[in-house]
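This report describes the fold, overall dimensions and surface of one protein. Please examine the sequence and the model before reading on.

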Amino acid sequence: LLRQVIDQGGLYDRKKIFWKEIHDLIVVAACGPPGGGKNELTPRLSSKFHLLCFPTLAETSLLRIFRTILKGFLSIFPKEASDCAVSVVDAVVEVYN
């Protein structure tokens with residue numbers, strides 16, 4: 001259905017038996033690698049998108065990126081809150097892995 005909406009600008013309503021046009025649609029999507037219930041994108045569908053692919057980050061990179069972001073965010077709060085940034089990020093990345 002997604003490909004039909006993108007290609008033909010709408011879809012057919014089978015209950016009410018009429019064509020529904022969809023205007024000014026922007027589709028933004030994200031996906032993970034196939035496996036565990038996720039299927040590969042078909043070439044017909046992926047031809048409708050600009051694909052950005054990047055490798056999985058190393059744990060040290062994840063830690064550095066998210067520690068920096070969280071420290072910056074917590075800098076406006078009392079020191080006790082900003083001191084928790086490293087341990088919070090460490091815990092979240094551990095759960096993620």
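Residues 24 or more positions apart supply 29% of the contacts in the protein with a separation of 6 or more, a contact being heavy atoms within 4.5 Å. The model is predicted: local features need pLDDT of at least 70, side-chain atom pairs count only at pLDDT 80 or more, and totals for chains, interfaces and linings use all residues. Residues are numbered from 1 along each chain as its sequence is written, and side-chain values use heavy atoms, with hydrogens and water left out.

The protein contains 5 helices and 2 strands, where helices (H or I, at least four residues) and strands (E, at least two) are DSSP runs numbered from the N terminus. Along the sequence, their order is α-β-β-α-α-α-α. The protein is more spread out than a compact globule, because its radius of gyration, 21 Å, is well over the 13 Å that the globule rule gives for 97 residues. That radius is taken over C-alpha atoms, and the rule is 2.2 Å times the number of residues to the power 0.38.

| Property of the protein | Value |
|---|---|
| Box filled by the C-alpha atoms, along the principal axes | roughly 60 × 30 × 25 Å |

Of the 97 residues, 11% count as buried, meaning under 20% relative accessible area (1.4 Å probe, protein chains only). Ser46, in helix α2 (residues 43-46), is buried, with a relative accessible area of 18%. Leaving aside neighbours within four places in sequence, Ser46 is in contact with Leu41 and Leu51.

Methods
Buried < 20%, exposed > 50% of the residue type's maximum accessible area, 1.4 Å probe, protein only.
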